[in-house]
Amino acid sequence: MEILQNLQPYEVFKYFEEISNIPRGSGNEKAISDYLVNFGKNLGLETIQDKALNVIIKKPATKGYENAPTVIIQGHMDMVCEKNKDTEHDFTKDPIKLVVKGDEIYADGTTLGADNGIAVAYALAVLADNSIEHPAIEVLLTTDEETGMTGAMNINKDDIQGKILLNIDSEEEGYLLVSCAGGIRTKSSLDITWETLNDEKIFEISVRGLKGGHSGSDIHEWRGNSNKLMGRVLKDLLEKIDYKIVSINGGSKNNAIPREADGIIAIKSADEEKLVRIVETWDKVFKKELEAQDPGVSLTVKEVSVESKKAFNKETTEKAVNLLFVYPNGVNTMSRNIDGLVESSTNIGILTTTDSEVIFDSAVRSSVPSLRADIEGKIKTITELAGAKYSANDGYPGWEYKADSKIREICKDVYKKMYGDEPVVYALHAGVECGLFEEILGDLDMISFGPNIRGAHTPEEHLSISSTKKVWEYLLEVLKAIK
């Protein structure tokens with residue numbers, strides 16, 4: 001350890017720094033999975049690595065807990081890979097550069113990976129410490145949670161015996177998660193018909209300065225979505241300037257609210273001043289609309305040169321702009337049963353121009369399956385009306401609230417004894433893997449908690465040091481109380 005060596009709890013931060021040195025973006029988990037396998041085997045513990053690279057490490061009960069129910073400690077090993085435009089970082093090979101600022105740990109210009117690396121660090125610290133009192137433990141660390149939950153989908157039920165599950169993938173200390181939304185990823189693909197440019201001038205319109213955030217847990221903040229803001233500008237320009245799109249791109253993860261977008265367009269020289277005036281007007285509009293939630297938003301335009309001498313033809317330009325303009329995004333419905341809980345939403349997280357298509361990639365979430373189907377139906381309909389192709393993955397189920405939960409009562413009692421206060425029991429619009437676990441492993445008694453993590457899925461992600469310590473102590477007491 002170099003950066004976190006003076007922090008407590010020492011073992012937790014030791015392992016957090018170790019895994020921060022291992023690239024572990026979703027889809028690139030082989031190295032971290034192998035590290036975890038070696039960790040378990042070096043401790044002499046039963047260790048399983050399955051075909052999806054999920055890792056299960058089993059530790060026997062300590063004395064006095066031989067008859068207690070087996071507890072699953074669960075988190076995911078992958079992380080969202082986001083960086084600022086001016087940050088040089090290769091997530092496939094570079095370690096995360098940790099920075100300590102007061103009580104917070106940040107990364108240098110990238111996501112930190114506390115979501116969900118802190119769960120991995122907690123689990124490894126529990127496995128390595130033989131002084132902790134606990135029931136039999138099955139540490140379950142999954143892959144690809146951030147982009148499709150395919151790790152959880154491919155768990156072999158024969159590898160897991162526990163019926164109590166502690167998911168450590170929550171981001172607010174003192175809160176106990178007991179239910180979450182299900183979700184699905186949708187994709188709309190519009191074929192591009194290209195035409196050759198002549199003497200047009202090329203300009204790049206850029207959206208910058210948005211906060212972004214998690215497309216589930218932050219969607220109710222009504223933060224700006226760079227792709228949708230770009231759609232509004234391009235739609236207005238369709239009415240006022242004769243232009244063609246060269247490319248439109250924005251965002252990189254459909255479970256992250258996109259912070260940046262770029263639209264490169266070809267215009268006639270005579271329309272340059274008009275383009276600049278329109279962009280300046282929209283910059284003021286966005287600053288006014290988003291002054292509370294995204295005060296740093298900016299919209300700029302500049303002349304650029306491009307290697308390609310082609311652009312979308314007029315029909316493709318209009319189809320792409322209109323589809324982006326009407327594409328569903330943001331909160332769809334709010335729960336009538338739980339105050340403040342988003343019931344269903346959409347996030348158009350990725351906008352990509354390839355050699356042949358413009359791709360619109362979104363995440364749909366809902367705790368009510370029929371509402372999820374309604375949003376999917378609308379996206380499919382507007383996609384087909386635009387002459388584009390629609391596709392979706394299989395999705396993942398929600399985690400329904402369990403009226404009778406022993407682990408929830410244990411967690412509440414332990415929290416009150418430790419801190420003299422009641423924890424907040426809540427439901428979440430973001431998805432966690434618990435619904436899939438119950439679908440595959442059968443009836444489980446589950447709860448989710450974790451330390452304070454802010455700015456998840458953005459380069460502003462940071463982890464509270466004091467909260468990490470507090471939740472570590474809480475986890476140990478919860479394990480001790482399960483008999």
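Trainee: What area do domain 1 and domain 2 bury between them?

Mentor: About 1,600 Å², with 52% of it on carbon and sulfur atoms. This is a predicted model.

Trainee: Which residues of domain 1 lose the most area to domain 2?

Mentor: Lys 85, His 429 and His 457. Together they make up 36% of what the domain 1 side buries.

Trainee: What makes up domain 1, and what makes up domain 2?

Mentor: The assignment gives domain 1 two segments, 10-181 and 399-481. Domain 2 is 183-392. Their centres, taken over C-alpha atoms, are 34 Å apart.

Trainee: Why is the pair Lys 85 and Asp 262 called a salt bridge?

Mentor: Set the value against the cut-off. The N to O distance between the side chains is 3.7 Å. The limit is 4 Å, from a side-chain nitrogen of Lys or Arg to a carboxyl oxygen of Asp or Glu, so the pair qualifies. Across the interface, the rule finds two salt bridges. Eight residue pairs are in polar contact between the domains.

Trainee: On to Glu 173. What makes its approach to Lys 470 a polar contact?

Mentor: The side chains come to 2.7 Å. The cut-off for a pair of N or O atoms is 3.5 Å, so the distance passes. Glu 173 lies in the loop between β7 (164-167) and β8 (175-180). Besides Lys 470, Glu 173 touches residues including Gly 450, Pro 451 and Val 471.

Trainee: Why is Thr 468 called buried?

Mentor: Its relative accessibility is 0%. Buried means under 20%, so Thr 468 counts as buried. Thr 468 is found in helix α11, residues 465-481.

Trainee: What does Thr 468 touch, leaving out residues up to four places away in sequence?

Mentor: Val 12, Phe 13, Ile 118, Tyr 122, Pro 451 and Leu 463. The side chain of Thr 468 also reaches the backbone oxygen of Ser 464 at 2.7 Å.

Trainee: How many residues separate Thr 468 and Glu 173 in sequence, and what is their distance in space?

Mentor: 295 residues in sequence. In space, C-alpha to C-alpha, Thr 468 and Glu 173 are 8.6 Å apart.

How values were computed:
Residues are numbered from 1 along each chain as its sequence is written. This is a predicted model: local features need pLDDT of at least 70, side-chain atom pairs count only at pLDDT 80 or more; totals for chains, interfaces and linings use all residues. Side-chain values use heavy atoms; hydrogens and water are left out. Domain bounds come from an automatic or database domain assignment. Buried area is the accessible area (1.4 Å probe) that two parts lose on being put together, summed over both. A polar contact is a pair of N or O atoms within 3.5 Å; within protein, one must be able to donate a hydrogen and the other to accept it, and residues adjacent in sequence count only if both atoms are side-chain atoms. Helices (H or I, at least four residues) and strands (E, at least two) are DSSP runs, numbered from the N terminus. Contact means heavy atoms within 4.5 Å. Buried means under 20% relative accessible area, exposed over 50%, partly exposed in between (1.4 Å probe, protein chains only).
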